[in-house]
Amino acid sequence: MSEPTLVPPSKVVLVSGGSKGLGLAFVNDLIDAGVKVAAFARTVTPELTALAEKYPDQVHVGSVDVTDEKGAQAFVKEVEAKLGPIDGLVNNAAVGQDSLHVHTSAEQIANIIHTNLTAPLVLTRFVLRRMMAKGLKGRIVNVTSICAQRGYPGLVAYSATKGGMDSATRSMARELGGRVLVNSVAPGFFASDMSAVLGQTQLDQIVRRTPTGHLTEPEEVVPVVRMLLLENTNINGQVLVIDGAASI
Amino acid sequence: MSELTRAQIRDLMGEVMKAQGKTLPSDDGADLREIGFRSLDFSELALRVEDEIGDELNFDAPGLRQIAKVGDVLDFIEQLQSA
């Protein structure tokens with residue numbers, strides 16, 4: 001029987017939605033870990049530009065809307081030319097929602113699904129095709145949400161997309177036969193950004209019900225993503241919930 | 001169809017409450033929690049208004065959270081219609 005071959009740590013990682021918040025935190029952390037990082041977002045922030053200027057041989061950034069299929073693919077090729085073949089992908093770009101389903105227009109629902117589900121699947125497909133054509137192994141991390149597993153008002157379409165990505169994670173892990181490790185991280189609500197959708201009353205209730213006594217912070221998600229991209233763990237096809245046990 | 005007047009919106013709000021065996025007070029300053037008008041009741045009212053005007057009134061939740069009194073409901077629906 002042949003020895004199983006391990007998936008090596010990612011050397012060149014593409015982060016979608018890497019210009020601020022959690023995405024920017026991933027970029028910073030991966031740079032610190034010595035990884036080459038490419039990041040795109042609809043708008044490149046001064047923070048991301050500064051990183052690209054500070055680490056010209058290690059970082060590549062671009063202004064790309066994840067729903068722009070051709071733009072995203074062109075960026076992937078740019079990254080390959082500048083940093084080398086991509087062997088790590090963090091699907092982080094997403095749009096939020098803050099509206100009851102009956103008051104969310106069909107166009108808004110379509111946009112949420114396109115941005116949060118279709119676009120990352122298409123990007124993943126493209127990156128995987130490039131990876132496999134070069135005979136590379138790799139790692140994919142999908143940033144989903146506790147919303148995929150628990151119900152919250154005002155987040156129906158958003159939750160559906162995150163549940164879709166969690167499901168895709170499992171099927172991709174099977175389909176790729178261990179050649180590419182595919183996992184999701186599902187943070188609970190943050191004290192900022194997305195958690196604005198819930199209102200203070202609901203956030204207070206979540207904190208009261210959380211054994212660790214606090215909402216999730218970006219710096220608590222960052223090491224988990226780093227582990228999935230860089231460590232030898234044999235974790236594959238899993239959804240790692242990071243919410244202080246609020247949801248159990 | 002044209003926009004509903006504030007009085008017509010108020011009538012529809014009264015119908016929503018009546019269907020639950022409740023009465024809409026005449027005072028615009030009445031507290032929604034005290035009279036038992038909840039967020040889903042607001043949704044029902046908005047959908048009834050949509051039926052009347054033949055158009056959708058889609059909106060995000062943050063504005064909804066600011067609504068506390070009967071007058072706020074009427075203001076919000078009026079603003080949605082004119083948006």
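A helix here is a DSSP run of H or I with at least four residues, and helices are numbered from the N terminus. With that in hand, welcome to the close-ups of this predicted model.

**View 1. A:Met172 sits in helix H5 of chain A.**
This helix covers residues 156-175. Is A:Met172 buried or exposed? Buried means that 20 or more other C-beta atoms lie within 10 Å of a residue's own. A:Met172 has 22 C-beta neighbours inside 10 Å, so it counts as buried. Look also for A:Asn236, which is 64 residues away from A:Met172 along the chain, although their C-alpha atoms are separated by 9.6 Å.

**View 2. Helix H1 of chain A is shown with the elements that cover its buried residues.**
H1(A) runs over residues 21-32, twelve in number. Which residues of H1(A) are buried? They are A:Leu22, A:Gly23, A:Leu24, A:Phe26, A:Val27 and A:Leu30. Just past the end of H1(A), you will find A:Gly34 with a positive phi of about 85°.

**View 3. A:Leu22 is seen among its contacts.**
We stay in helix H1 of chain A, where A:Leu22 has its place. A:Leu22 has 26 other C-beta atoms within 10 Å, which is why it is classed as buried. If neighbours within four places in sequence are set aside, A:Leu22 is in contact with A:Asn92, A:Val143, A:Pro218 and A:Val221. For a sense of distance, A:Ala39 is 17 residues from A:Leu22 in sequence, and their C-alpha atoms are 12 Å apart.

**View 4. Helices H3 and H4 of chain A pack at an angle of about 35°.**
H3(A) spans residues 69-83 and H4(A) spans residues 106-133, and their axes are 10 Å apart. The two helices make a right-handed crossing. On the H3(A) side, the residues that meet H4(A) are A:Glu69, A:Ala72, A:Gln73, A:Val76 and A:Glu80. Their partners in H4(A) are A:Val122, A:Leu123, A:Phe126, A:Val127 and A:Arg130. Sorted by class, this contact holds six nonpolar, one polar and three charged residues.

**View 5. Helix H3 of chain B packs against other helices of chain B.**
H3(B) has 15 residues, 39-53, and reaches 21 Å from first C-alpha to last, close to the expected 21 Å. Its buried residues are B:Phe42, B:Glu44, B:Leu45, B:Ala46 and B:Val49. These pack against H1 (6-18), H4 (61-65) and H5 (70-82) of chain B. Just after H3(B), B:Gly54 takes a positive phi of about 70°.

**View 6. Chain A is shown whole, along with its contact to chain B.**
Chain A has seven helices and seven strands, in the sequence order β-α-β-α-β-α-β-α-β-α-β-α-α-β. Its radius of gyration is 18 Å, close to the 18 Å of the globule rule for 248 residues, so chain A is as compact as a globular protein of that length. Of those residues, 44% count as buried. Where chains A and B touch, ten residues of chain A are in contact with ten of chain B. The chain A side of that contact has three nonpolar, six polar and one charged residues.

Terms used. Residues numbered from 1 in each chain as written. Chains lettered and ligands numbered in written order. Predicted model: local features only at pLDDT ≥ 70, side-chain atom pairs only at ≥ 80, totals over all residues. Expected span 1.5 Å × (residues − 1). Buried ≥ 20, exposed ≤ 12 C-beta atoms within 10 Å, placed from the backbone. Contact = placed C-beta atoms within 7 Å. Nonpolar A, V, L, I, M, F, W, Y, C, P; charged D, E, K, R; others polar. Rg over C-alpha atoms; globule rule 2.2 N^0.38 Å. Axes fitted to C-alpha atoms, helices over the stretch in contact; angles between N-to-C directions. Left-handed = near helix turned anticlockwise from the far one by under 90°.
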